[in-house]
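Below are some notes on the model, for use while going through the coordinates. Please read them with the structure open.

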Amino acid sequence: MESEESLLNVFVLLLFGSLLTVVGPSAPEEGWQVYSSAQDPEGRCVCTVVAPQNTVCSRDARTKQLRLLLDKVQNMSQSIEVLDRRTQRDLQFVEKMEVQLKGLETKFQQVEDGHESNWAKQYQSIKAKMEELRPLIPVLEAYKADALLVRQFKEEVANVTELLGSLQEQLGGVDYQEVHSRVLDLEERLRACMQRLACGKLTGISEPVTIKTSGSRFGSWMTDPLAAAGDNRVWYMDGYHNNRFVREYPSMYDFMTTDNFTSHRLPHPWSGTGQVVYNGSIYFNKFQSHTIIKFDFSTSLISRSRQLDFAGYNNMYHYAWGGHSDIDLMVDEGGLWAVYATNQNAGNIVLSQLNPNTLQIVRSWTTNHPKRSAGEAFMICGMLYVTNGYSGGTKVYYAYSTNSSTYEYIDIPLTNKYSHLSMLDYNPRDRALYAWNNGHQVLYNVTLHHIIQ
């Protein structure tokens with residue numbers, strides 16, 4: 001994988017401290033998938049399971065070829081072992097015969113040189129036979145050479161077998177089914193542990209991890225925080241207006257490495273980059289309106305639409321970067337939210353929690369932060385976080401708590417790697433920030449200070 005070179009490595013990272021750090025492929029070009037993170041009851045341990053896509057290891061054709069090749073070489077080695085034993089046995093006989101033949105020839109020569117006529121006459125006929133046998137000597141020499149080649153071939157096969165065995169140990173020596181089962185078991189345990197975690201306050205944002213570079217300067221991308229286990233589809237929406245096509249990628253790996261996607265056509269174009277996929281439906285602001293639409297991907301139909309009363313639209317109360325970003329939909333651990341501004345609140349941010357089924361407002365909070373001065377905003381655990389800008393040096397500097405209806409100014413640096421943020425949303429399942437940064441799709445890990453219940 002890029003990941004085509006990686007067969008399987010499972011890392012368990014144990015970090016100590018009362019922090020929660022989650023999600024973000026540490027090497028996205030290798031196609032690693034982050035499963036989950038969790039803490040122990042004392043809040044001292046964070047575990048992250050990182051692994052390549054499951055299909056990579058279990059279906060790697062080269063590994064199967066390696067095993068087949070190793071089997072063939074082992075069979076060949078057994079055959080050569082039998083041939084070698086036969087060759088050694090015959091070689092002993094041939095060598096003995098060679099010595100006898102050479103001895104006879106020497107003795108004949110001595111008799112002939114001694115002019116012992118009687119002996120010479122007696123051996124004359126034998127010498128004639130010897131002359132017939134003489135061509136066998138180079139044949140015997142060649143046989144010995146062949147026997148040497150057999151031994152050398154045997155050594156070569158032994159070396160290849162050792163090399164293939166080493167490669168198998170490095171690349172294919174793992175019982176993939178066993179490892180896969182263990183990873184799934186660990187994933188279940190970690191997710192169960194995560195459920196014990198209470199919400200926390202944002203204390204830090206990691207350096208960005210660039211997942212992909214694609215699309216225009218503006219856009220949004222996301223995964224469904226309520227998707228079933230194993231559903232890692234990625235949703236991609238290029239542009240901030242006059243577009244109604246949503247791409248669905250089967251997995252994060254497909255999103256990173258291929259153009260394998262399904263295209264969904266929405267009934268209306270969207271406005272801004274504040275869309276969100278939640279429990280199998282996409283929620284978006286209809287272009288040039290304050291209407292919120294819930295579109296069900298499984299039926300390709302609008303399941304609900306509702307106007308967000310008094311909300312500014314059509315670039316009336318956009319984020320600082322513009323782009324028809326008047327209404328920003330987002331989710332956190334508490335559900336579905338809408339961030340917008342109204343004339344009644346003097347263009348300052350209004351935060352409303354929405355019923356995801358009916359789109360009715362459950363409750364609203366009015367803040368004192370001007371919407372047009374906000375770079376971007378996101379929700380974590382019922383608290384709204386606002387950045388001071390969208391380009392250059394960026395930080396999260398304003399936080400509004402819906403639990404206490406109070407705000408505070410904070411200072412959490414946010415690395416704006418590509419100098420133009422047009423989308424920044426939190427995913428409570430991954431506990432990571434998804435961002436669209438000047439045509440780059442980016443992930444940030446977040447650190448939360450929280451209490452274990």
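Predicted model: local features only at pLDDT ≥ 70, side-chain atom pairs only at ≥ 80, totals over all residues.

1. R247 has S263 of β10 standing opposite.

2. How many of the 7 residues of β23 (residues 421–427) are buried? The count is 7 of 7, each under 20% relative accessible area, so β23 is largely enclosed by the rest of the structure.

3. The partner of β23 is β24 (residues 432–437), antiparallel to it and connected through 6 bridges. L421 faces N437 of β24 across the pair. The two strands form a hairpin with 4 residues between them, and in the turn R431 has a positive phi of about 50°.

4. The largest nonpolar core has 22 residues; those touching the most other members are L202, I205, F378, I380, Y385, L433 and Y444. Strands that each supply at least two of its residues include β5 (197–205), β19 (377–380), β23 and β24. β25 gives the largest share, 4 residues.

5. Setting aside residues up to four places away in sequence, I380 touches G200, L202, D332, E333, Y385, Y426 and L448. Another core, of 17 residues, lies apart from the largest one; among its members are F218, Y319, W321 and W337.

How values were computed: Residues numbered from 1 in each chain as written. Heavy atoms only, no water. Buried < 20%, exposed > 50% of the residue type's maximum accessible area, 1.4 Å probe, protein only. Pairing = 2+ DSSP bridges. Core = buried A, V, L, I, M, F, W, Y, C linked by side-chain atoms within 4.5 Å. Contact = heavy atoms within 4.5 Å.
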